[in-house]
Amino acid sequence: MTVVGAVLLVVGLAAFAAGALSADDLRALGARTAPVLGFVAAISVVAELADRAGVFAMLVHRAERLGRGRVWVLWLVFAALAVVATIFLSLDTTAVLLTPVVVLAARRLGLDPLPFAFTTVWLANTGSLLLPVSNLTNLLAHQRLGDPTPWEFAELTWRPALVAILVPMAVIAAVFARTLRQRYRPAVPAETTDRTRRRWSCVVLVVLLPALVSGVAPWIPATIAALALALIALVRGDRRSVRPSLVPWPLLLFAGGLFVAMEALVRAIPADRLDGLATSSTIGAAMSGAVGANLLNNLPAYLALEPIATDRTSLVALLVGVNAGPLITPWASLATLLWHQRLEAAGVRIPWGRFVLLGAVTCALTVPLAVWTV
């Protein structure tokens, strides 16, 4: 990711040197993307420190108790946890932090981890439509829509967001029905975390969630929460956790390089050509986004297609495509790549043929049904 980001940044700067991008273009791009990247950095620190405080492990243990030995109930609780984490803390948080603890919980209970792994990665993508902070693409679209409040944004997206959550869950319920009908005996995990730190970390998160939908620029409460969690870690004696590597530098470099390179690409296309490609078709925008995401990645697909979405409806449809559509190829979203890395580290083998087939079926069902509600 670091190498790709650096290459993209060099390409963008070369375009600037060649005159394809002006200094004003770069300043405007910086003004647009700095708050987005600031939020990504801060929320990544929040999620990482909350995980080190034991918050996610505690939530998974509570889910095991709520399941009362019934796998299908446990799965529903895990799914709800994935949706909430995605909506408020972004899809990458779900992929990176929730995946390993959910998979380890399934193994500890003697269950097949695949339905839980599929649930986290699918809902990390498809569950990221509701709020601006749910996905990097949403933050970009939020600016294109005129900076509506989070509630106004949700008013535009809640119907397709609901469909995009329910359809993949229905597919998982059908495909993994045998596993979900099983029962389990709740395990008793070892208490290895600092309870005081975990308790105060939970307080910070509880305050953060409503702050993210308060209408304040999301990077502000996220940064305050990151600083608060860092202070808690230091006070509780965990200085090793508070270090510069908490900031996702490779992701920021990748996103920054991509922003500059795609801006140069869009500027290189004649305005009349863009006008000719412009569409107000919801299904056209959504399917273009889904295809582009699975061929390239959802972020460059959004950046490339944003200029041709001519109104609010087609822009929301594009978000459906690039958020709910990246289910087929492993590189369709950064969340999927991160998810795969975490599963490899946990020793879980993903059958890619099955992943692609199930993803294609789910994408073919989810995107048209979600767009129908836009």
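Mentor: Pro35, Gly38, Phe39, Ala42, Ile43, Val45, Val46, Leu49 and Ala50 of helix 2 are in contact with Trp219, Ala222, Thr223, Ala225, Ala226, Leu229 and Ala230 of helix 11, where contact means heavy atoms within 4.5 Å and helices are DSSP runs (H or I, at least four residues) numbered from the N terminus. This is a predicted model, in which local features need pLDDT of at least 70 and side-chain atom pairs count only at pLDDT 80 or more, while totals for chains, interfaces and linings use all residues. Residues are numbered from 1 along each chain as its sequence is written, and side-chain values use heavy atoms, with hydrogens and water left out.

Trainee: At what angle do helix 2 and helix 11 pack?

Mentor: Helix 2 (residues 23-52) and helix 11 (residues 219-235) pack at about 30°, with their axes 8 Å apart; the axes are lines fitted to C-alpha atoms over the stretch in contact, and angles run from 0 to 180 degrees between N-to-C directions. Helix 2 is therefore roughly parallel to helix 11, a label for angles under 35 degrees.

Trainee: Switching topic, is Ala261 buried or exposed?

Mentor: Ala261 is buried, because its relative accessible area is 11%, and buried means under 20% (1.4 Å probe, protein chains only).

Trainee: Where is Ala261 found, and which residues does Ala261 touch?

Mentor: Ala261 lies in helix 12 (residues 249-268) and touches Leu8 and Gly12, leaving aside residues up to four places away in sequence. Ala261 and Arg108 are 153 residues apart in sequence and 45 Å apart in space, C-alpha to C-alpha.

Note on methods: Helix = DSSP H or I, 4+ residues; strand = E, 2+ residues; numbered from the N terminus. Buried < 20%, exposed > 50% of the residue type's maximum accessible area, 1.4 Å probe, protein only. Parallel < 35°, antiparallel > 145°, perpendicular 65-115°, else oblique.
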